[in-house]
Amino acid sequence: MSEEKTPILKVRDLVVKFRVRNRELTAIRSVSLDLFDGETLAIVGESGSGKTVLTKTFTGMLESNGRIPAGSIEFEGRNLLTIKTDKDWEAIRGAKIATVFQDPMTSLNPLKKIGAQITEVIEKHQKLPAEEAKRIALQLMEKVGIKDVAKRFYDYPFQYSGGMRQRIVIAIALACKPRILICDEPTTALDVTIQAQILDLIRSLQKDYGFTTIYITHDLGVVANVADRVAVMYAGQIVEYGSVREIFYDPRHPYTWALLSSLPTLARKDEALFAIPGTPPTLFNEIVGDAFAPRNHYALNIDFQEEPPFFQISPTHFAKTWLLDPQAPAADPPEAVKLMRKKGNIYVESGAEDSK
C-alpha cells in the first residue's frame, strides 16, 4: 500500500464475522495490509482489538462459528480465502506460514517426547525418512539453544522449563522452513529475562533463515525492540501504520497517543500511570463514526458521525483520524509523546543504546 516493492502477503478489505449466541459480531472491519519479504511487522492494540483473529485468517484457523464474507488474502499468487478444506490448508499452514503461540503447552503434546514432536513435522512436510528427520531435529534443537540435545531429545515437555518449551515450539515452527512466522504474544507467559532471550533468538533465526515475522503484542517495549513496521489496531480496524520510528516519534492517531502515554517508562514520579478512559465498543453493534471517539478527548463532532479515511503523512505512514484533515483544528500531542521525541531512543524497555 505504501511501498513500491511487491508484498509477499496482501490483505484487502477483509471482514470477519462470528456468530455468538444468535448474534453476529464483526471482529475485523475492512482491514487492508501489506507484508514485505524479510521484514518484521508488529501488530499492536488492546485485547479484543482483532490482532489474533486477523492473523488466524492467514492460516485458515478461524473458529467454526467464524466466517469471512468479504475481502481477499493473496499469498504466492493465490487468494487464501478460496481454500476450503483442512487438507488443502496443510500446504500453507505450518509449511509456508507458521505460528508460535504464547503458551507452548497448548502447542506441545504432553504425552509425546520432544524429539518425536519435531521429527513428525519434518517427516510430514519435508517427506524425509526417520533418521534424516531426527538429524535435522537435533540440529534445530541446538539452533534454538537447547543444551545436551542427544539426551533432551527423549524428554517430555514437563521436563522442560517454560522458556525451553517455547524454544521447542519455535524449532517446530521452523522445521518446515516457512516464509512467514507469526509470533502471537510469544513471551507473555515468560519472565523478563527469558523474554529477552526469546526475542533475541527469533531475531537471530530470522537473519539465518530469512523468514518474514509478524509479532502480535500489546507490549510496546517488544515492538520497539523487534519491529521494522507497526500496525496499530483498534475495534477490528488498523487505525495507524508506519515504520517503528514514525509510530514512536511521530504518531498521529489519538489511540496511538494513548498507547504511548500508557508506557510505564514515560510516567512521572509525581503522577499516576496513565490509563485510557472507558472501554472499547461492542462489536455486536454497527460502529458509527470513529470507534475510538467516545474515549478520545481530542474527538471532533465529525468523529461521532462519519468514519475517517486513511490520511497519508509520509510514503510509509498513514493514520485513520479526522485530526489530519486540512480543515481540522491543530491538536497538540500529549506530554508523553513529546517526551518520547525528546528521549530520542525508541528502545523504551530494553535500554538499548541504538535504534533500528
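Biologist: Are W257 and Y298 buried or exposed?

Modeller: Burial is judged by relative accessible area with a 1.4 Å probe and protein chains only, where under 20% is buried, over 50% is exposed and anything in between is partly exposed. By that rule W257 and Y298 are both buried. Bear in mind that this is a predicted model, in which local features need pLDDT of at least 70 and side-chain atom pairs count only at pLDDT 80 or more, while totals for chains, interfaces and linings use all residues. Residues are numbered from 1 along each chain as its sequence is written, and side-chain values use heavy atoms, with hydrogens and water left out.

Biologist: How many aromatic pairs are there?

Modeller: Rings of Phe, Tyr and Trp (for Trp, its six-membered ring) pair if their centres lie within 6.5 Å, and the planes then sort them into stacked (under 30 degrees), edge-to-face (over 60) or tilted (the rest). The count under this rule is 9 aromatic pairs. One of them is the tilted pair of Y234 and Y255, whose centres are 4.6 Å apart with 50° between the planes.

Biologist: Which parts does the pair of Y234 and Y255 tie together?

Modeller: Helices (H or I, at least four residues) and strands (E, at least two) are DSSP runs numbered from the N terminus. Y234 belongs to strand β9 (residues 229-234) and Y255 to helix α10 (residues 254-261), so their pair joins parts 21 residues apart in sequence. Y234 counts as buried because its relative accessibility is 2%, and Y255 is likewise buried, at 0% relative accessible area. The pair of W257 and Y298 is edge-to-face, because the planes stand at 70° with the ring centres 4.9 Å apart. Since W257 lies in helix α10 and Y298 in the loop between α10 and β11 (311-314), that pair ties together parts 41 residues apart in sequence.

Biologist: Which residues do ring pairs link into a cluster?

Modeller: Y234, Y255 and F292 are linked in this way.

Biologist: What radius of gyration does the protein have?

Modeller: The radius is taken over C-alpha atoms, and the globule rule is 2.2 Å times the number of residues to the power 0.38. For 356 residues a compact globule would have a value near 21 Å, and the protein's 21 Å agrees with it. Its C-alpha atoms fill a box of roughly 70 × 45 × 40 Å along the principal axes. The protein holds 11 helices and 12 strands, and buried residues make up 52% of its 356 residues.
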